[in-house]
Amino acid sequence: MTRTTVPSYCRICEAACGILADVEDGRVTAIHGDPEHPSSRGLMCPKGSLMVKVTNDPERVTTPLRGDRKGGFVPVSWDEALTDIAERVKSLIADHGPNSVAYYSGNPAGFSMAGHMWAKKFIDGLGSKGSYSAAPQDTSSRWAASHFLYGNTHEVPLPDLDYTDFLLCFGANPLVSHGSLMSSGRTRSQLANIVDRGGRIVVVDPARTQTAQTYEHVSVVPSSDPLLMAAMLHVIFAENLVSPRASRSAIGLDTLAAAVAPVTPESVQDRTGVDAETVRKLARDFATAESACAYGRLGLCRGEFPTLANYLLDALNVVTGNLDRRGGVVFGNGLVDFPAINAKVGRSSYAASFTRVGSLPEVGGRKPWVLADEILTPGEGQVRGVFLVSGNPISSTPGAARLEEAFDQLDLLVSVDMYVTESNERADYILPSPTFLERADVLLNFGGGMTRPWVQWTEPVVPRIGDTREETEIFGELMHRMGVPPGPSPWELIDNMIRSGDRGAAEGWTLERIKAYPHGVELGGDVETGVIAQRISTYTKGLRDTVDLGAQPVLDQLDEFLAKDPPAPDSLLLISRRHLRSINSWMHNVRKVRVGGGPTLHIHPKDARARGIETGETVTLATSVGSGDVIATVTDEVRPGTVSYPHGWGHSGGWSTAIEHGGININKLIPNDIEKKDPLSGMSFLDGVHVTVTARQTAAQQ
Ligand code: SF4
């Protein structure tokens, strides 16, 4: 028996922890944290270790499959599959134009540097504008806000956790998520250190998440964060707490001040559920802290006015003088400057095109989530063929029932995946891909999210199981068969990006040099501050070098929000939640991702009593588009008027353990109405959806 331990890094979440994989006779047997890793320093979470089970899972698809579109599959050769797919794509394009073919990349696709590039190159090479991703479900509103603020959708500020005195967290649970739109392998210890050095962490969230339980919690009505932030800004302006730095770094301060002038803490306390005195104190404490940073994530991005929410979040940092400074929010400087590259090639664009159905803006090169409508609506540009790349949108996107109907009408559905899932069980082909332990990679794509940037190369930890192929091989072959010029290889392009970036050129970095550091290497300490003026000037081609806090299309949404009727006192608003062991759905064929008895609906004791519901009971959860039976957990971890249910459960397909976990596909109950999407970002409205919850007996009587 041969035994080795191979350094690599985890590609499940943005923390990208360094790992050591134990390998026996070519099979991975255990995964530990890598103490030599420059960021995670030996830390990791349970999900990383579970990749042993995923990689060795006998239910993985390991040979190409041809489907009958009803869930039946037979093995085929790669040659047969790729030849048929290429011919059918050619014929779709000849008959209906390039936009008749679309692709959807799921979350794991973003963790394969070369694979992601090659899938995108394929769809771009066809001339199709149909690039869909998970972004409209988690990030597009952040990108839209960055467009208005900084002139580049992909310029996102980072909380400077190692130095801040005050972290104000909106709709984020970093003790569980380990941070998102930021990359750090030791988020937990960074948070603990803030408090150890006398600082504070305040979590604004409708649920008492693990982070909220550990630190200070301000409980807020789902989706009302923009009003809370506007009220904080009102206090900061009214009490002359605006930093002198603000007028040097921003334009539009007067416009912003006028917009928040009517939003007194008293005027919105019923809407936000946060009493006026708490808001005033929070605003004063944040504004007068030695250094402070406001950070927001999914709970902020998926509410009803999410671009406004992200915009006001950054406004809090700017007006208190905490933008682009040590201990405030800072801007990343990875080895490859993706915001700058994306700006050059038009991928950091905003509203460069609009969806055929719904006229929603494309944000950062990605379309809003209207794929089902684009498939089901006849006319020029109707989508007839879809490639799913490491994506299970029937599990992970709203309006899932309608998407099932749409997929069943496609002329061609191809999936690159590791399992037969609820999305690809209706596919023409499933093309099996390796796990991240079975392929080489380089960590560059999250460099802009690191406050102390590092890079890492990894060889495959183990040989591939079965007859799988990487996305680079699959899409390279398809391009070859379709006559799309291949150009340089992905690794040549990546090497070129490294060499030609400012940092790579100045410091002499190449792909070969990165390979000399199998445990990863830090690139020179903390990112610099005082950089954003120059970047804004570059992005706006010299039009401005200051943050724009007076963007009228965004601030108009504040008036719109204020004019809306508040939720009725007895209404229930649905939010999502995360657990440490589970991320999205793709690891769900592992038994240990399930927590306790499986996914349950969290409901507050007051709401449960009013409906005669007890823990463990089956209840009916209903929305405007459907209903499902779920198990209730009565808990004060959610505030009254709020219920939470995690997404990514209720599976079907060929992964038996995932199916055994039970639960429901919550996305079948969440509407995907175009008119409910944020018109500025096309973001889906996912957190704060109105629901009813009924004891099953009562539902049956009705
Ligand atoms: S926090 Fe967990 S899932 Fe994320 S990279 Fe680290 S080990 Fe992987």
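UniProt, in an unreviewed entry, lists residues 3-59 as "domain: 4Fe-4S Mo/W bis-MGD-type"; UniProt positions follow the numbering used here, feature names are shortened, and annotations may be inferred rather than shown by experiment. This is a predicted model, where local features need pLDDT of at least 70, side-chain atom pairs count only at pLDDT 80 or more, and totals for chains, interfaces and linings use all residues. Residues are numbered from 1 along each chain as its sequence is written, and side-chain values use heavy atoms, with hydrogens and water left out.

The end C-alpha atoms of residues 3-59 sit 25 Å apart, and the span is 16% helix and 37% strand. Helices (H or I, at least four residues) and strands (E, at least two) are DSSP runs, numbered from the N terminus.

## Around the ligand

Which residues are around the ligand? They are Cys10, Ile12, Cys13, Ala15, Ala16, Cys17, Met44, Cys45, Lys47, Gly48 and His178, each with a heavy atom within 4 Å of the molecule. By type, the shell splits into 8 nonpolar, 2 polar and 1 charged. Here Ala, Val, Leu, Ile, Met, Phe, Trp, Tyr, Cys and Pro count as nonpolar, Asp, Glu, Lys and Arg as charged, and the others, Gly among them, as polar.

## The loop between helix 7 and helix 8

His178, one of the residues around the ligand, is in the loop between helix 7 and helix 8. His178 counts as buried because its relative accessibility is 11%; buried means under 20% relative accessible area, exposed over 50%, and partly exposed in between (1.4 Å probe, protein chains only). The phi of His178 is near 65°, a positive value in a residue other than glycine. Leu181 lies in the loop between helix 7 and helix 8, and its phi is near 55°, again positive in a non-glycine residue.

Ser184 is in the loop between helix 7 (174-177) and helix 8 (187-196), and it counts as buried at 7% relative accessibility. Its side chain reaches the backbone nitrogen of Arg186 at 3.2 Å. Leaving aside neighbours within four places in sequence, Ser184 is in contact (heavy atoms within 4.5 Å) with Glu14, Ala15, Ser39, His178, Gln190 and Trp454.

## Strand 29

Strand 29 (residues 689-695) has 5 of its 7 residues buried, so it is largely enclosed by the rest of the structure. Strand 24 (residues 572-575) pairs with strand 29 in the antiparallel sense over 3 bridges, with Leu573 opposite His690. Strand 26 (residues 618-623) also pairs with strand 29 in the antiparallel sense, over 4 bridges, and Val619 stands opposite Ala695. Pairing requires at least two DSSP bridges between two strands.

Terms used:
A polar contact is a pair of N or O atoms within 3.5 Å; within protein, one must be able to donate a hydrogen and the other to accept it, and residues adjacent in sequence count only if both atoms are side-chain atoms.
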